[in-house]
Amino acid sequence: MFLLHGYLNHGNYGDELLAEIVERRLKKHYPEAQFNRLSSKNSIFDHFQLIENSEHFICLGGLFQDKTSFLTPLYYFLTTYLAHMKGMKILFLAQGIGPLKHPLSKWFCKKALTLADFVSVRDKTSSDTLKELGIDHFYGADLAWSLYNNTSLIQNDDNYGIDSNIKSKIDAHFASLKEKTTVLSLKSEKNYYSDEYLEKFLTKVIEDCIQDISKPIIILEMQDSDTRIHAKALELIKKHRMANNIAANIQDIYIKANEFNSNELLYCLSKYGSEMTSMRLHALIIGHIAGLKSTAIAVDQKINDFIHQIDIYNLETLKDRAEKHYDKVLFLNF
């Protein structure tokens with residue numbers, strides 16, 4: 001039994017996507033493989049039961065950071081320690097490490113990773129952090145880059161690799177668009193934004209990143225908690241249109257990523273998006289794979305690392321670096 005651990009069941013498309021990618025790859029190599037998922041959404045009883053009933057412990061995503069809470073590194077240290085006490089095979093796969101501002105956060109991170117059989121990271125900042133902590137690791141790229149081969153389906157397959165009925169429903173949803181347009185995918189920062197700051201921030205985003213507000217905007221929600229910031233963005237976009245005497249009946253399009261699988265989302269973006277403006281890492285990655293021009297709003301170090309990687313690597317190289325997590329880490333250890 002493989003137990004996938006991370007920020008799962010929180011309505012975050014990126015983390016759920018990573019879990020699905022790993023499950024698909026393991027299933028391909030081990031057809032009889034079975035999976036469970038563990039996160040802070042589970043009860044304490046579930047934690048003990050799932051760990052007791054599993055043999056392999058695979059941690060995904062950006063776990064060790066204390067931006068959202070000091071308790072986050074502590075939680076992942078404790079779950080890793082429980083898995084270690086059970087004698088499980090422990091693997092931290094394609095991790096994003098940091099920020100770790102508190103000394104105890106770094107201690108929890110180092111202790112947890114020391115218990116692992118192998119560690120790999122997805123970006124240079126994470127690699128540099130682990131070098132400082134003295135943790136041996138492999139440096140690749142985010143696992144979502146392995147989706148790059150799906151673009152061949154979008155370009156060459158009349159059905160775009162998805163069910164024709166689903167494709168028809170997607171096209172109907174976007175029927176009001178006359179041409180490709182800007183995709184906006186923002187990120188709520190819990191209580192970090194006051195209403196005044198949020199309005200100033202979004203006004204700046206609209207003025208700097210949306211080239212033509214007379215065109216409809218596609219809103220892409222990557223996490224359930226982002227609804228508030230997107231609603232405010234749409235409100236301000238409408239105000240800007242009114243201030244510039246632009247028709248008030250423009251139909252912006254709102255889509256939730258969790259209603260699509262990766263092929264379907266790639267199809268949506270490739271066919272209807274022209275550029276991606278985003279604070280969300282996996283929105284930027286999927287948009288880049290789909291051929292959209294990227295405007296990254298760097299509110300996190302992982303966004304800076306995304307910018308760094310697309311500056312120095314092409315898509316083929318990023319895909320290869322993502323795939324090497326499987327060959328050099330995942331299947332080397334199981």
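Visitor: What makes phenylalanine 331 count as buried?

Guide: In this predicted model, phenylalanine 331 has a relative accessible area of 17%, and because buried means under 20%, the residue is called buried.

Visitor: Where is phenylalanine 331 found, and which residues is it in contact with, leaving aside its neighbours within four places in sequence?

Guide: Phenylalanine 331 belongs to helix H13, residues 315-333, and, with those sequence neighbours set aside, it is in contact with Arg25, Leu26, His29, Tyr30 and Tyr326. For one of these, leucine 26, the C-alpha atom lies 8.5 Å from that of phenylalanine 331, although the two residues are 305 residues apart along the chain.

Visitor: How many aromatic pairs does a search of the whole structure find?

Guide: The search finds 14 aromatic pairs. One of them joins tyrosine 197 and phenylalanine 201.

Visitor: Why is the aromatic pair of tyrosine 197 and phenylalanine 201 called stacked?

Guide: The ring centres are 6.2 Å apart with 15° between the planes; since a pair requires centres within 6.5 Å and stacking requires planes under 30 degrees apart, the pair is stacked. The two residues are 4 residues apart in helix H8 (residues 195-209), and therefore about one helical turn separates them.

Visitor: Why is tyrosine 197 described as partly exposed, and what does phenylalanine 201 count as?

Guide: Tyrosine 197 has a relative accessible area of 43%, which falls between the 20% and 50% limits, so tyrosine 197 is partly exposed. Phenylalanine 201, at 14% relative accessibility, counts as buried, because its value is under 20%.

Notes: Residues numbered from 1 in each chain as written. Predicted model: local features only at pLDDT ≥ 70, side-chain atom pairs only at ≥ 80, totals over all residues. Heavy atoms only, no water. Phe/Tyr/Trp six-rings, centres within 6.5 Å; stacked < 30°, edge-to-face > 60°. Buried < 20%, exposed > 50% of the residue type's maximum accessible area, 1.4 Å probe, protein only. Contact = heavy atoms within 4.5 Å.
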